[in-house]
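Q: Can we go through this structure together? I'd like to start with the ligand.

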Amino acid sequence: MKILIIFYSFEGNTKLIAENIAKTINADILELKLKKETTPKGFMKYFWGGKEAIMKTKPELLPFDKNIQDYDILFIGTPVWAWTYAPPLNTLFSTCQIVNKKIALFCCCDGQKGKTFDQMKKALENNQILGEIDFQEPLKNNTDANIQRANKWAEDKKAVAYEILQVMAKEL
Ligand SMILES: Cc1cc2nc3c(=O)[nH]c(=O)nc-3n(C[C@H](O)[C@H](O)[C@H](O)COP(=O)(O)O)c2cc1C
């Protein structure tokens, strides 16, 4: 039973969580990276990113070497942009077939996650969602406690996924 952590991170918060849970539950990791890296600063970053998120753009990603079909369990993480998930996930969802997986969702935000998880679940409707968790700026706030909370959550979700997959294997 293979586990893949897939994430996008613009400023490092989601990456911090993704890397820690990958280590804790012994999972492979796939960071989505933009082909054209843009780094607007200050207010421009909200203007640019907010517009991209609202318009549901699908920015081109750098090719990656992981095949999602090889994995049974996925953890998918994103920063919250304009109360939803970040555009690189639009590209992922529209270019990779993600079906019949056990999936846990995580996001990082500044306190207003809005409809992020609802919209991720809508995009991933042909999968079993194991749960979700959000973190508020973990690079700045209670970093160690947030990492511990993330690791414990990931271990729990892994255990649940294993139980489900074992029952399914017995039924075959
Ligand atoms: C373009 C943009 C839009 C954002 N929109 C929201 C939002 O709607 N709600 C919120 O709580 N935080 C919002 N944030 C803050 C980020 O979600 C937060 O800083 C998060 O921790 C960033 O994760 P990252 O470091 O992995 O990129 C926004 C940040 C950016 C750059």
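Predicted model: local features only at pLDDT ≥ 70, side-chain atom pairs only at ≥ 80, totals over all residues.

Q: How far is the backbone N or O atom of Gly12 from an oxygen atom of the ligand?
A: The separation is 3.0 Å. That is a polar contact, meaning a pair of N or O atoms within 3.5 Å.

Q: What about the side chain of Asn13?
A: An N or O atom of the Asn13 side chain is 2.8 Å from a ligand oxygen atom. For Trp83, a backbone N or O atom lies 2.8 Å from an oxygen atom of the ligand.

Q: How much of the ligand does the protein bury?
A: The protein buries 93% of the 650 Å² that the ligand exposes when taken alone. Accessible areas come from the Shrake-Rupley method with a 1.4 Å probe.

Q: How many residues surround the ligand?
A: There are 21, counting a residue if one of its heavy atoms lies within 4 Å. Ser9 and Val80 are among the closest.

Q: Which helix gives the most to that shell?
A: Helix 2, with four residues. Helices are DSSP runs of H or I with at least four residues, and strands are E runs of at least two, numbered from the N terminus.

Conventions
Residues numbered from 1 in each chain as written. Heavy atoms only, no water. Polar contact = N/O pair within 3.5 Å; in protein donor to acceptor, adjacent residues only side chain to side chain.
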